[in-house]
Amino acid sequence: MSLCLQARQLACERDDRWLFEGLDLDIQSGEIVRIEGPNGSGKTTLLKILSGQLTDYRGELYWNGEPMRQAREHFLANLLYLGHAPGVKAGLSPLENLAWYQALSGEKGSEPAREAALAAVGLAGFEDVPAGQLSAGQQRRVALARLTLTQRALWVLDEPFTAIDRQGVAALEAQLVAHAQSGGCVLVTTHHALTESPVLRRIQLG
Amino acid sequence: MHAPQGGLMVAIKATLKRDLTLMLRRRGEVLNPLVFFALVITLFPIGISPDPELLASIAPGLLWVAALLAALLSLDSLFRSDYDDGSLEQLLLAPQPLAALGLAKVAVHWLLTGLPLALMAPLLGIMLSLPAGSYAVLALSLALGTASLSLIGAIGAALTVGLARGGVLLSLLVLPLYIPVLIFGAGAVQAAIFGEGIAAHLAILGALLALALMLAPWAIAASLRISING
């Protein structure tokens with residue numbers, strides 16, 4: 001079954017200025033959609049609207065043909081959103097952070113699986129260090145480990161490449177492509193040139 | 001494609017464990033309200049008069065007011081750090097009822113603020129020469145009352161979490177709602193001192209708690225959504 005997120009006539013106003021108007025969007029399985037635009041053009045706002053966080057907009061959202069209001073629970077069970085702030089607790093270790101995120105989606109998960117996910121993002125050996133002592137890039141990587149750990153179809157990623165080094169960027173890009181090819185879909189904002197992605201679609205804002 | 005899969009108990013347990021771990025690693029924040037409570041109560045006999053009869057007559061109200069303010073002090077941080085590091089938006093996007101997860105956070109707040117305040121109050125009662133026989137009632141009324149205070153206060157904390165300096169606004173929002181709890185809480189201790197029936201006061205405190213337990217989780221969830229929207 002293919003999934004899709006649709007937006008019809010989406011419009012959002014901030015401080016007496018239309019960020020976007022009459023925006024129609026279709027995001028299907030197997031796609032990587034990149035939202036482009038200069039700073040302040042509403043990329044983050046659009047991602048927040050599409051991930052169901054903001055209600056201050058006009059237009060309609062549909063998840064698999066159903067209005068978002070009715071499909072919200074189903075939609076959230078399929079969504080993985082990573083925002084500007086990585087959502088990593090400084091007082092907890094990377095393992096404890098991941099355990100909480102797994103539990104939020106109702107899974108107990110297992111310690112070896114979490115360790116493997118951390119190793120996959122290059123954090124082997126940092127499992128029990130308080131996240132507050134990690135660098136910005138490493139904290140971002142803890143958040144990115146959730147991509148490996150939690151099976152979700154729709155990834156909404158706001159600037160996921162921030163503070164990540166060059167090898168990390170290549171690995172993450174490969175991961176996005178692999179996710180799209182296995183039937184998931186990715187919605188991303190980044191100023192980074194996604195050169196390796198064959199299925200990239202662009203949406204220009206501003 | 002995933003269907004919603006439940007697992008609410010797993011999520012609640014993990015949230016309880018996470019918040020407890022976090023708070024126990026920041027002991028200073030847990031101790032702050034307790035130290036405040038102890039300081040205020042210690043200063044009163046010095047500032048007013050060491051006369052045991054005078055102190056005993058004002059002790060119930062004094063202990064209750066100081067405990068209430070101590071609980072209020074600790075509220076601002078309830079959702080603040082989650083808001084700052086982005087965990088709060090993740091909490092809102094979890095495929096679980098937000099009201100239940102919010103309730104888990106409030107439960108941790110009460111366990112580490114309200115309950116220790118209630119256990120400490122009898123000790124401080126000695127300093128105010130609180131008459132014997134009212135110590136158990138003091139602890140019990142505070143335990144019941146602070147649970148309501150945590151629930152009501154969490155609504156205010158959720159509403160003001162998006163504001164840079166929401167502390168004063170938070171106090172203004174929740175203090176009027178705290179007054180019934182204060183009246184019946186201090187009333188229970190007074191009644192115990194005068195040897196009157198305490199059942200009515202405690203029953204009303206229990207009823208207030210039941211009401212708060214029923215309504216506050218939904219109000220907290222709605223307030224968090226409003227704050228994130230702002």
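This is a predicted model: local features need pLDDT of at least 70, side-chain atom pairs count only at pLDDT 80 or more; totals for chains, interfaces and linings use all residues.
Residues are numbered from 1 along each chain as its sequence is written, and chains are lettered from A and ligands numbered from 1 in the order in which they are written.

The domain assignment of chain A gives domain 1 (1-78 + 153-206) and domain 2 (87-151), with bounds that come from an automatic or database domain assignment. The centres of domain 1 and domain 2 of chain A, taken over C-alpha atoms, are separated by 23 Å. Nine residues of domain 1 of chain A are in contact with seven residues of domain 2 of chain A, where contact means that the C-beta atoms of two residues, placed from the backbone, lie within 7 Å. On the domain 1 side of chain A, helix α6 (residues 166-181) gives the most to this contact, with three residues; helices (H or I, at least four residues) and strands (E, at least two) are DSSP runs, numbered from the N terminus.

Chain A also holds an open sheet of four strands in the order β2-β1-β4-β5, with antiparallel pairing; two strands pair if DSSP finds at least two bridges between them. Strands of a sheet pair through backbone hydrogen bonds, either parallel or antiparallel. The edge strands of this sheet are β2 (17-28) and β5 (66-67) of chain A, each of which pairs on one side only. Strand β1 (residues 4-14) of chain A pairs with β2(A) over eight bridges in the antiparallel sense, and A:Ala7 has A:Leu25 as its bridge partner in β2(A). Across β1 and β2 of chain A lies helix α1 (residues 43-50) of chain A, running at about 130 degrees to β1(A), an angle that runs from 0 to 180 degrees between N-to-C directions of axes, which are lines fitted to C-alpha atoms, for helices over the stretch in contact.

A residue is buried if 20 or more other C-beta atoms lie within 10 Å of its own, exposed if 12 or fewer, and partly exposed in between, with C-beta atoms placed from the backbone.

Helix α3 (residues 94-104) of chain A is mostly covered, with eleven of its eleven residues buried, among them A:Trp100 and A:Tyr101. The cover includes α4 (111-120) and α5 (136-149) of chain A together with α1 (8-25) of chain B. Just after α3(A), A:Gly106 takes a positive phi of about 90 degrees.

For chain B, an unreviewed UniProt entry lists residues 30-48, 54-79, 132-161, 168-193 and 199-224 under "transmembrane region"; the positions are given in the numbering used here, feature names are shortened, and annotations may be inferred rather than shown by experiment. Over residues 199-224 of chain B the model is 100% helix and 0% strand, with the end C-alpha atoms 36 Å apart.
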